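Here is a short briefing for a first look at this structure. Keep the sequence and the 3D view open as you read.

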Amino acid sequence: MPPMQNESFDLRKLVAVESLGARRFADSRPALSAEDYYHMLTLFLSHAPDVSRALGRFEKREGDRDARRSLDDMIGSLEAMGCELFIVEFHSILDSYEGEGNWRLAATYARRVKDDFDDFFQRLAGARDRSPEPEKPDGSLTLKEAIKRMDEQAASVQTPADTGAGAGSMPLILAVDDSPVILQSVWAVLNNEYRVLTLTNPADIGKVLEKQSPDLFLLDYQMPELSGFELIPIIRNYAEHKDTPIVFLTSDGSIDNVTGALALGARDYIVKPFMPETLREKISKLIPRVK
């Protein structure tokens, strides 16, 4: 059988799957190459459908040798990836069935974990790079170095790559935050439905607005040079942005901060760390998504 062809991944989307813990794993395994990590994820994705079916069989109390082997293999795959998700639950299913002969308990564990596992599987599958010629990781580049390079690239204004016909009709969001990690998360969550510009230096916002006209501003509440509050009058000084929606990102969701943000003209706020669903929902209420 020929060797399995490695999948290619969009590293920003991959890191945004926080439950995977890619950034934490890179820190714990500094010598691990990006290529080897992608190979681990490729194996996971190839086995995940079998595991989902195995969970369904256990849920129906129809588990067999193949189903048990699928869970065993997946436990090893998750451990290799440094991902602690589902390992305890999978062991509980196997122990309940094999050790105690308790089909009902095994089925209960399988029922609890199956939807979460399927969601995790789909999120990783969604991080695959589907561009015609995906960028292959440099064989000599470690996962830690690849993430560091990604962070450095996010430290300046990023314009999404040409997405072909219709890209110009997608609403444009300007996200300003001094944390590259936050900006990567915002980009990964929103880039399929919006064009997303990211800016780590708020002092450069004027340069951006001379060339771009965002449909929404996503501003960090606290930044070293200029706070999100201080950016509001700069933004409103542009005639075309007198009423452009502004949303604050804040680590402090206290009443005083929220009230102050709304009083200065913000339309909404999001408390960090945020859930992807929360960010999508709040943004979609203020500007339309591309269908």
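This is a predicted model. Among its salt bridges, Arg-57 pairs with Asp-64, with the closest N and O atoms 3.4 Å apart. The chain holds 12 helices and 5 strands. Of its 291 residues, 47% count as buried.

**Salt bridges**

- A search of the whole structure finds 10 salt bridges.
- Lys-114 and Asp-118 form a salt bridge at 2.8 Å, N to O. These two residues lie 4 apart in helix α6 (residues 103–126), so about one helical turn separates them. Both Lys-114 and Asp-118 are buried.
- Asp-204 and Lys-207 form a salt bridge, and their closest N and O atoms are 3.6 Å apart. Asp-204 is partly exposed, at 22% relative accessibility. Lys-207 reaches 59% and counts as exposed, because the cut-off for that class is over 50%.

**The sheet**

- The 5 strands of an open sheet follow the order β2-β1-β3-β4-β5, and the pairing is parallel.
- The edges belong to β2 (195–199) and β5 (268–271). Each has a single partner strand, so one side of each has no neighbour in the sheet.
- From one strand to the next, the twist averages 20°.
- Strands β3 (residues 216–220) and β4 (residues 246–250) run parallel and are joined by 4 bridges. Asp-220 has Leu-249 in β4 as its bridge partner.

**Helices across the sheet**

- Helix α10 (residues 228–236) lies across β1 (172–176), β3 and β4. The angle between α10 and β4 is about 165°.
- Helix α12 (residues 276–284) lies across β1, β3 and β5. The angle between α12 and β5 is about 175°.

**Nonpolar cores**

- In soluble globular proteins, nonpolar side chains tend to be buried together.
- The largest nonpolar core here has 49 residues. Leu-14, Leu-20, Tyr-37, Phe-44, Phe-90 and Leu-124 have the most contacts inside this core.
- Seven helices are listed as suppliers of at least two residues each: α1 (11–16), α2 (22–28), α3 (34–59), α4 (65–80), α5 (87–99), α6 and α7 (143–153).
- Helix α3 gives the most to this core, with 12 residues.
- Which residues does Phe-90 contact, leaving aside neighbours within four places in sequence? They are Val-51, Leu-55, Leu-71, Met-74, Ile-75, Leu-78, Val-113 and Phe-117.
- A second, separate core has 22 residues, including Ile-182, Leu-218, Leu-249 and Ile-270. Leu-249 is also the bridge partner of Asp-220.

**The chain as a whole**

- Take the contacts between residues at least 6 apart in sequence: 69% of them join residues at least 24 apart.
- The accessible surface of the chain comes to about 15,100 Å². Carbon and sulfur atoms account for 48% of that surface.

Notes: Residues are numbered from 1 along each chain as its sequence is written. This is a predicted model: local features need pLDDT of at least 70, side-chain atom pairs count only at pLDDT 80 or more; totals for chains, interfaces and linings use all residues. Side-chain values use heavy atoms; hydrogens and water are left out. A salt bridge is a side-chain nitrogen of Lys or Arg within 4 Å of a carboxyl oxygen of Asp or Glu. Buried means under 20% relative accessible area, exposed over 50%, partly exposed in between (1.4 Å probe, protein chains only). Two strands pair if DSSP finds at least two bridges between them. Axes are lines fitted to C-alpha atoms, for helices over the stretch in contact, and angles run from 0 to 180 degrees between N-to-C directions. Contact means heavy atoms within 4.5 Å. A nonpolar core is a set of buried Ala, Val, Leu, Ile, Met, Phe, Trp, Tyr and Cys residues joined through side-chain atoms within 4.5 Å. Accessible areas come from the Shrake-Rupley method with a 1.4 Å probe; for residues, only the protein chains shown count as cover.
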